[in-house]
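Please look through the model with these numbered notes beside you.

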Amino acid sequence: MTVDWSPICVASTALGPSAEPIPDISSPNRGDIESPSSQEESLSSYSHGESASPSSSHAHPQENLSAHHFKGVEWTPDGTTLLAESADHQFRTFILPPDLLERGSPHRLSPYSTLTSAEPTYASAIYPFFNLQDPSTCLFLSSVRDHPIRLASALAPTSVASYSLVNPTTEAFITPHSILYPSALGGTHFLTGSDSMICLFDVSRSGSDGPVSWMPTIPSKRKQIVGGGIGMKGIVSAMAINPTGDGILAAGTFTRHVGLYSSNGSGELLGTFSIAKTEANREIGGKGVTQLAWSPCGRYLYIAERKSDGVLVYDIRVTGQMLGYLRGRNAMTNQRMKIDVVSAGAEGSHEVWAGGTDGLMRVWKNPAYTVGAQDPDWEVRVHDDAVTSTAFHATGSVVATCSGQRREEDGERPDNSIKVWSMPFLNSD
């Protein structure tokens, strides 16, 4: 039997006005979700911050979403909603309909809520127990340049709380380049990465209290170092906690180092390694870590960099040993180009999915089984511009992508859009 390997676009922001929009959350056929009034009432009982400006109100379906490129998109943990960040300093929430895969024509994606930032945003993270049925959980963190870290609602343009990270010497705000809000910390704490520093925050301690702990990554300032004073210096630009529950935090820097820490980042340094001056560096390049992703089995760490044509594969059972690299990604840009690691069966089988500046989405199957270079097993065009995010739904057969890039007036028509794809062939034997 022949399998059709063509993904099906089931929703997009790029569709014309003739396409059917996703029903408003308060419409009768969305009875499984609370109305906006009940959502905001529940949220107000939780919130102790001030509302955003009127310009951050619910967006209209006619809003021109193609005016600015999308920097990233990700699914909420419950799989109901997409949170997207764009170059106009706005976060937009897109609630997907229950019949997403049942219609014969694509849905037109329109934002349910839009939150505007005064300055560029460096990092964000969704509350790990996000549940659309409970608006008090529909929250996300973001770090805005020269401002406190913000906890905001994804359903209304409302700031719920803020957390100050201040340089004790200059008293200036420190803007984290990475935020991690992991379920392993129970939703009560989150981690931030900044210049040679990892900080742990308690969600209940908002305002000017600051983090509950400061953990320098520089050797001379870190206690209980293992390995003779090995450490790393540079902006901590990416973090990821091992999914097996062993509490290992991987942190990467723009200076091309990776450190491993115990106790979900609060413990001792287990080791560091440089990803520069490798065989992969000569072939695929790289100018600083932008994302870290663990394999489902927790044995392998995938490292994505800016200005790189691939993804590095490291065996963490042997700290600092590069197993191989995935080439042909086509991501030679300073933009963050987000990848996804997807479970593909039993015994740790998995795949790496990533987009490129050429508008293609590529997949590498079981990359941990190959030593050295590995070319993509499959690719497909999903946009007519750089694919800045590839995010899989928990079902394993639906993926969200977004696109666009900063460009001068070059006469080319940009593709600044979000698309949702159904790939039923992934469930085929």
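1. Cys 199 has a relative accessible area of 1% and is therefore buried (buried is under 20% relative accessible area, exposed over 50%, partly exposed in between, with a 1.4 Å probe and protein chains only). Cys 138 is buried too, at 0% relative accessibility.

2. How many disulfides are there? The count is 0, where a disulfide is a pair of cysteine sulfur atoms within 2.5 Å. In general, such a link is a covalent bond between the sulfur atoms of two cysteines.

3. This is a predicted model; local features need pLDDT of at least 70, side-chain atom pairs count only at pLDDT 80 or more, and totals for chains, interfaces and linings use all residues. Residues are numbered from 1 along each chain as its sequence is written, and side-chain values use heavy atoms, leaving out hydrogens and water.

4. Mean pLDDT for the protein chain is 85 (pLDDT is the predictor's confidence in each residue, from 0 to 100). A value of 70 or more is reached by 83% of the residues. Read residues 22–61 with care: their pLDDT stays under 50. The model gives this stretch 80 contacts beyond four places in sequence (contact means heavy atoms within 4.5 Å). Residues 221–228 also have pLDDT below 50, with 15 contacts beyond near neighbours in sequence.

5. Thr 253 belongs to strand E16, residues 249–253 (strands are DSSP runs of E, at least two residues, numbered from the N terminus). Thr 253 is buried, at 0% relative accessibility. Leaving aside residues up to four places away in sequence, Thr 253 touches several residues, including Met 232, Ile 235, Val 236 and Val 289.

Notes. Helices (H or I, at least four residues) and strands (E, at least two) are DSSP runs, numbered from the N terminus.
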